[in-house]
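Subject: Structure for you to look at

Hello,

Please find the structure we spoke about below. My notes on it follow.

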Number of protein chains: 2
Amino acid sequence: MPVFYDCTTAPSPRRARIVLAEKGIAHEVRQIDLASGEQLSDAYRAINPACTVPALVLDDGAVLTDNAGIAAWAEAVQGEPPLLGTTPLEKAQVASWNSKIEGECFMAIAEVLRNKARGMVDRALPGPNNYAQIPELAERGRARLTHFLDRFEQHMTGRDWVAIDSFSLADITAGVALDFAGWVKVDVNEGRPGIAAWRAKLAQRPSFAI
Amino acid sequence: MPVFYDCTTAPSPRRARIVLAEKGIAHEVRQIDLASGEQLSDAYRAINPACTVPALVLDDGAVLTDNAGIAAWAEAVQGEPPLLGTTPLEKAQVASWNSKIEGECFMAIAEVLRNKARGMVDRALPGPNNYAQIPELAERGRARLTHFLDRFEQHMTGRDWVAIDSFSLADITAGVALDFAGWVKVDVNEGRPGIAAWRAKLAQRPSFAI
């Protein structure tokens, strides 16, 4: 059975956790304690040299070291329910929104958090190397996040789901990202009824509760 | 016939241009002059509100607004040659390396360039909003790029291709990114024979010459 390296409190592994739950893919779970820096330990480095969670170790020993790999693998081994779209246009729309949310939203929140939090001095980026915080980048992240949320509200107005007519990976990435925004004290629902309605729907899915 | 919005000199649209060439997907080309800011014009904004190239307008009018969407669509409409992997593990490996190179390499180079170039004052990020340059981010980008290249050299030593046993999207993304490194005066081949050998092989592909 695949072994899933998780950290229940962190947003990145939550994305993969939801994918595995939606697909009904059985797996064992091992927690990596990011708060104490366990991702940088020799033991975990031997599993994922990128020193990040999530990671998924397959039955043959192959290791998937990030969300991109885990989502692609899960869609290929367990087609139902499809999370990456079905038609060529749907596949494009899901990939495009997933990428956009990673780059414009997830990253903006991470910039705010990692360049400001006292517990993240010299950990401004995940991974094996240390980087000093850049306070201006935290400020820019906050500005980017507001710009993104305002565009995203326009997009979500009158829509059921982020990328296509059904729930997809883009909803997972966006839903986790917008919950993550709470970490930097941004109320994404405030003044954004389209986003708020869609988030309320997401919150009812069992996969989002685990 | 799909219409491809390109800018011959820029790295991002080059990625999609190579995908279309490798797949043999016929298309018309329209150049957007990034040097004069044409991507911010009302005319182009009406096509791609993200104000970025590449974009691909399909026969039914649907617009694919980024590399992620164009690659997913191209793979779905024209399976041969496969660029996203064939087995579940291959699909994971291609997605994972593509994501890693975007986040750790492409972005690092863009940080160096956009936070320093005199022609990019207030254009530290692509898209419709202006952001001031952050000189510390240019420095950090250079450090990240070096760290990435050293890890990537270890990975490429003894390998033919980036992600799997055959040429894939990960080779396109990495190949374009490492050519882009020349813009910030980094000689990626210097002291890195594995990378140099692989780049020499890429340079022989007709798709990399257009």
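Predicted model: local features only at pLDDT ≥ 70, side-chain atom pairs only at ≥ 80, totals over all residues.

**Helix pairs, chain contact and backbone**

The crossing of H4(B) and H5(B) is left-handed.

On the H4(B) side the contact uses B:Glu104, B:Cys105, B:Ala108, B:Ile109, B:Glu111 and B:Val112. Their partners in H5(B) are B:Leu137, B:Ala138, B:Arg140, B:Gly141, B:Arg142, B:Arg144, B:Leu145 and B:Phe148. Sorted by class, this contact of H4(B) with H5(B) has eight nonpolar, one polar and five charged residues.

A second pair in chain B is H1 (residues 11-23) with H3, whose axes come within 10 Å and cross at roughly 5°. That angle makes H1(B) roughly parallel to H3(B). From H1(B), the residues involved are B:Ser12, B:Arg15, B:Ala16, B:Val19, B:Leu20 and B:Lys23, and they meet B:Asn67, B:Ile70, B:Ala71 and B:Ala74 in H3(B). The contact of H1(B) with H3(B) has six nonpolar, two polar and two charged residues.

**How the chains are related**

**Where the chains meet**

In the contact between the chains, 27 residues of chain B touch 27 residues of chain A. On the chain B side, helices H3 (67-77), H4 and H5 each supply at least two residues. H4(B) gives the largest share of that side, ten residues. By class, the side of chain B that touches chain A divides into 14 nonpolar, eight polar and five charged residues. Of the interface residues of chain B, 100% are also interface residues in chain A, so the copies meet through the same surface.

One helix pair runs across this contact: H3 of chain A (residues 67-77) and H4(B) have axes that come within 7 Å and cross at roughly 155°. H3(A) and H4(B) are therefore roughly antiparallel to each other. H3(A) passes H4(B) in a right-handed crossing. H3(A) brings A:Ala68, A:Gly69, A:Ala72, A:Trp73, A:Ala76 and A:Val77 to the contact. H4(B) brings B:Pro88, B:Leu89, B:Lys91, B:Ala92, B:Gln93, B:Ala95, B:Ser96, B:Asn98 and B:Ser99. The classes in the contact of H3(A) with H4(B) are nine nonpolar, five polar and one charged.

**Domains of chain A**

The domain assignment divides chain A into domain 1 (3-77) and domain 2 (88-209). Taken over C-alpha atoms, the centres of these two domains of chain A are separated by 20 Å. Their contact takes eleven residues from domain 1 and ten residues from domain 2. Helix H1 of chain A (residues 11-23) gives the most to the domain 1 side, with seven residues. That side of domain 1 has seven nonpolar, one polar and three charged residues.

**Backbone points to check**

Most residues other than glycine have a negative phi, and most peptide bonds are trans. The following places depart from that.

- A:Val53 and A:Pro54 are joined by a cis peptide bond, with omega about 5°. A:Pro54 sits in the loop between helix H2 (42-47) and strand S3 (55-57) of chain A.
- In chain B, the peptide bond from B:Val53 to B:Pro54 is cis, with omega near 10°. B:Pro54 lies in the loop between helix H2 (42-47) and strand S3 (55-57) of chain B.
- B:Cys51 is a residue other than glycine with a positive phi, near 60°. B:Cys51 is also in the loop between H2 and S3 of chain B.

Regards

Definitions and conventions. Residues numbered from 1 in each chain as written. Chains lettered and ligands numbered in written order. Contact = placed C-beta atoms within 7 Å. Domains from an automatic or database assignment. Helix = DSSP H or I, 4+ residues; strand = E, 2+ residues; numbered from the N terminus. Nonpolar A, V, L, I, M, F, W, Y, C, P; charged D, E, K, R; others polar. Left-handed = near helix turned anticlockwise from the far one by under 90°. Axes fitted to C-alpha atoms, helices over the stretch in contact; angles between N-to-C directions. Parallel < 35°, antiparallel > 145°, perpendicular 65-115°, else oblique.
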